[in-house]
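Colleague: I would like to learn how to read the sheets in a model. Please start with the terms.

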Amino acid sequence: MKTEYLSHQEYFKKRANIIEDVKNMKIDLTYQQGTNYVCPNTRKKESGITNAYVINICKPMEKGIDRKTALYHELSHLMWDSFVPNLNGLARAWAEDFISRQPQLDNLCDVTRNKLKENIVGEYRINFNVIEDQRIESLTKNVWLGTGVMFDKTRDKLGIRLVDDLISRKELTNTKTSKPKAPCDNLLMARFNQPDHSENWSKEIMEDVNESDFNGSLVALVRARKYIDKYMEDNLKDFQDKHKESMKHHIEYEKAQEAFYNPDTNDLEKEAYEETKQTEFRKYSKLKEEQEEQHSKFKSSAKRASHYSHDHDSLSSEEFEDSTQSEIDEHEEETNELVAQASELEEKSEEELKVLSREHKEDGKQEVVDMKATIEAVGKVGNMLPSHIKMIDRQSFTNAKIDHKTATILSKTFQKMAEQYVDNLDDTGSEVDIDSYIMNKIKGINDPCLVSEKLGQGATVLVSIDGSGSMGHSGDLDRARDLLATLYKASEKVKNIKLIANVWSSNYAGDVGVTIINSADDLDKIGDDDSYMFTPTHEALIFSAKQLRGQDGRKKLMIMITDGVPQYYKNNYEIPNGTLHKMTKTALKKSLRISPRIMCIDITNHWKYSELLRDIFGKRLISVDDMDSASKFVIKQFRNMVSEVMR
Ligand SMILES: [Zn+2]
């Protein structure tokens, strides 16, 4: 999607709006310093709105991640179902289990144990985050096709950055195939297109989680667990509970302190106690420091990786303060289920897990299909439009009159063209559908493979109708409706030609009221609207070009019908003719870039107006006497388009 017509923030808002509609949630966008992130909107929750989120797109942008890619990434977290909300519960259960399996971690004091547990949870979580980031991007790219390249470019950049980063931290050597020790780094390397710097297991896991549903992430995490556990085990081999030791010295220190202040203690004794105090405190502080060091060494990989895969912890529903008891119970139940599901998976062999991964990819495909359908269903064309373009309901109070004679003649012509087209195929067999030809060879069947490639390409004709006051009063709007009715009738049986239309006009505020006609059923929407009486030709051009761009088919033609020169008010102020004239010329240039075949039929029937329009549209302008002549012209163009597609 090009954004020339929308500011960045407006564009971002429109994208977020789509997900708001699809997922029935509220999304606020902020542009603050720091990092890109998505988190629940607690302020909204206070006022009773659940399902509200904030996405921050950081300004200035994060190194290597442009803002648009960042937005798509964060939106992806909201688009796709995930078990992030229960991840912490699972990670805690695993951490508990891990510690109990390490003999050297027996008898830890509570403080050390809790701290260690927290760090182990962090280690599981960072690995999961990397996996989940990969999965959601791979799904989104199948819905919004342009995002695939965007994500990939960003991953390339981050890969280069991470390699440098790891070399400087001595986690990688300068050799080409050097691999980092930490599993999360390996997964990141696989994700960031650095296959030489990642172990095979991590590449496989990343490959398998691509395009899978959320259960695929769980399988991936279970598969990664043994590498994570092994890594943590190595890391904790020499781990000692220095906190426990330090506390012994602290007790000695306190004892000396107490004795020191005892009134029975004499000066000589005091001196001795003072020395004990100092030695014990030194020992205590040293051990305490060493303990800190052990912890921070252990969690350094997770901390490092979190710069490349932001923590999604805020999406986990851990804050129970204002949750009801039943919500808490439900959450606990879900967590237990997840833990059970994970341990079931752990019983399975690597081969079985791979099979499961493939199944979850199939489920992921279905999710994509569903997501696309939902977006299409809720996404009216208005979604990607600037806010001053309003979709309005117009109404006409008479029935459209089909010119049956013309419709019949046209329809017969189209049928003839179609027959000739098929004959042509049989004769020459030149239009072989290569794909189906090969498939037939493989399957050993003899399905006809002369599939009409040309027909498949199809065409769309858009008639863009000036809906300003004069068009309504003169009855020309009704005549335009009759024209479309006739064309719809004539092309009923023509498959690859799509006929669409729009009616447009603007009000004093500068809002452009647009009504979209997608089929004959919409014809009764072609009417005028008293509050929208002006002629925003410049806006209509760009809108129509965009509407046309969104259509199927390779060939596209826009025919605009207008009975006046551009006239536009903004905030009750009339844009001077000269300015508007220039704006319209610019708009035409822009529109031609979006959709190169544009014609304008001028039914002003006034030489002065025609001259003005000619200056804007050049040889794209056709001046005729009235709407009836315009209809004839459109019919001719339509017929040409059909024959062009059939030829
Ligand atoms: Zn993320």
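Modeller: Two strands pair if DSSP finds at least two bridges between them. Helices (H or I, at least four residues) and strands (E, at least two) are DSSP runs, numbered from the N terminus. This model is predicted: local features need pLDDT of at least 70, side-chain atom pairs count only at pLDDT 80 or more, and totals for chains, interfaces and linings use all residues. Residues are numbered from 1 along each chain as its sequence is written.

Colleague: In E11, which residue is the bridge partner of Ile559?

Modeller: Strands of a sheet pair through backbone hydrogen bonds, either parallel or antiparallel. Here the partner of Ile559 is Met599 in E11. Strand E8 (residues 555-562) and strand E11 (residues 598-602) are parallel, with 5 bridges.

Colleague: What is the order of the open sheet of 7 strands?

Modeller: The order is E4-E7-E6-E5-E8-E11-E12, and the pairing is mixed. Strand E4 (389-391) and strand E12 (621-623) are at the edges with a single partner strand each, so one side of each has no neighbour in the sheet.

Colleague: In what order do the 3 strands of the open sheet with E1 run?

Modeller: That order is E1-E3-E2, again with mixed pairing. Its edge strands are E1 (26-30) and E2 (37-40), each pairing on one side only. E2 runs antiparallel to strand E3 (residues 52-56), joined by 4 bridges. Pro40 has Tyr53 in E3 as its bridge partner.

Colleague: How many helices and strands does the protein chain have?

Modeller: The protein chain has 23 helices and 12 strands.
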